Amino acid sequence: MTADTATTLFEAHRPALMGVAYRMLGRAADAEDVVQDAWLRWSGADRAEVRDPRGFLVRITTRLAVDRLRQIKARGETYVGPWLPEPYVTDFGDTVTDSAERAVLADSVSLAVLVVLETLSPLERAVFVLREAFGHPYADIAAMLDRGEAAVRQLGTRARRHVDGRRPRYDVDPARRRDLTERFLDAAAGGDLAGLMELLAPDVRLVGDSGGKARAPLRVLEGADHVARFFAGVAAKGVPDVSVRMVELNGGPAVLVLSGGKPDAVVQIDADGDRIRTVYVIRNPDKLAALTALP
């Protein structure tokens, strides 16, 4: 295999490797670092001995991501206010044509699921991602993680039970979710308190992530009245030189708010079909930096 062929092959698998690394870490910058490290391992490997390049690359990426996640947890980093994953552009385009597979991939990268995955151990998270999002057999996952298959099955069962018990499950048509997002945007931008109350579930939650580096609630707001008044207050104060656009992030529609042409916030909702159950607001500038490159 020539160097050019090796590069071409790696780039063909890069989206899948980024998908694994991001779901493992919830941080796009860390995922990029892991994939770059995987490239270094790939470029230095004896590729003549590699029978399954994709499997080889996924194994390297998974192990590197597990190591990175262990380092993060070992540092015991404190975070100011609620934590949300870094927004991740998910435009599957023509790469995923099966609607069921597309739905699984979108769900596995949603903010709600990634928040729950943060509570898993690194190995539980790896097994969950490889099994549930990418459909790898347990035997293959065991080989990737250098663990026995029985132990890996146990990890997978425990992770699945944990995720199912803690994440909200709303089976909402994508078009309906987009419609609710657009109506929410109109009501919030206009400070329409009555319109917001009509859209929000009585027990709606607002989760804001600023990392202490921008203005956002430092605790989760609960209840339609509190959440509606928060957005009405934001509209009253205004955002300098504001513009908004709809983008596809974390498997669903999201609102990208720009101030002076630079990303200022990402707003995304979870809904049960009729009402909005959760509103996510990401304002940490470190997590929005990559969105500057959006066309």
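Analyst: We can go through helix packing, a salt bridge and the sheet in turn. Before that, note that this is a predicted model: local features need pLDDT of at least 70, side-chain atom pairs count only at pLDDT 80 or more, and totals for chains, interfaces and linings use all residues. Residues are numbered from 1 along each chain as its sequence is written, and side-chain values use heavy atoms, with hydrogens and water left out.

User: Okay, helices. At what angle do α2 and α3 pack?

Analyst: About 130 degrees, with their axes 9 Å apart. That makes α2 oblique to α3. Angles under 35 degrees count as roughly parallel, over 145 as roughly antiparallel, 65 to 115 as roughly perpendicular and the rest as oblique. Axes are lines fitted to C-alpha atoms, for helices over the stretch in contact, and angles run from 0 to 180 degrees between N-to-C directions. Helices (H or I, at least four residues) and strands (E, at least two) are DSSP runs, numbered from the N terminus.

User: Which residues of α2 and α3 make the contact?

Analyst: Among them are Val34, Ala38 and Trp42 of α2, and Phe56, Leu57 and Ile60 of α3. Contact means heavy atoms within 4.5 Å. By class, the residues of this α2 and α3 contact are ten nonpolar, one polar and five charged. Ala, Val, Leu, Ile, Met, Phe, Trp, Tyr, Cys and Pro count as nonpolar, Asp, Glu, Lys and Arg as charged, and the others, Gly among them, as polar.

User: Which residue forms a salt bridge with Asp33?

Analyst: Arg68 does, with the closest N and O atoms 3.8 Å apart. A salt bridge is a side-chain nitrogen of Lys or Arg within 4 Å of a carboxyl oxygen of Asp or Glu. Asp33 sits in α2 (residues 28-44) and Arg68 in α3 (residues 53-75), 35 residues apart, so the pair links distant parts of the chain.

User: How many salt bridges are in the whole structure?

Analyst: The search finds 22.

User: Next, α7 and α8. How do their axes cross?

Analyst: At roughly 105 degrees, coming within 9 Å. That makes α7 roughly perpendicular to α8. Tyr138, Ala139, Ile141 and Ala142 in α7 meet Glu149, Val152, Arg153 and Gly156 in α8.

User: And what about α6 and α7?

Analyst: Those axes come within 10 Å and cross at roughly 140 degrees. That makes α6 oblique to α7. Tyr138 and Ile141 of α7 are among the residues that meet α6. This contact has eight nonpolar, no polar and one charged residues.

User: New topic: the sheet. In what order do the strands run?

Analyst: The order is β2-β1-β6-β5-β4-β3, an open sheet of six strands with mixed pairing. Two strands pair if DSSP finds at least two bridges between them. β2 (221-222) and β3 (242-249) stand at the edges with a single partner strand each, so one side of each has no neighbour in the sheet.

User: In which sense do β5 and β6 pair?

Analyst: Antiparallel, over six bridges. Thr278 in β6 is the bridge partner of Asp270.

User: Which strands does α9 touch?

Analyst: Helix α9 (residues 174-189) packs on the sheet and touches β1, β3, β4, β5 and β6. Its direction makes about 125 degrees with that of β5. Helix α11 (residues 224-237) also packs on the sheet, touching β1, β2 and β6.
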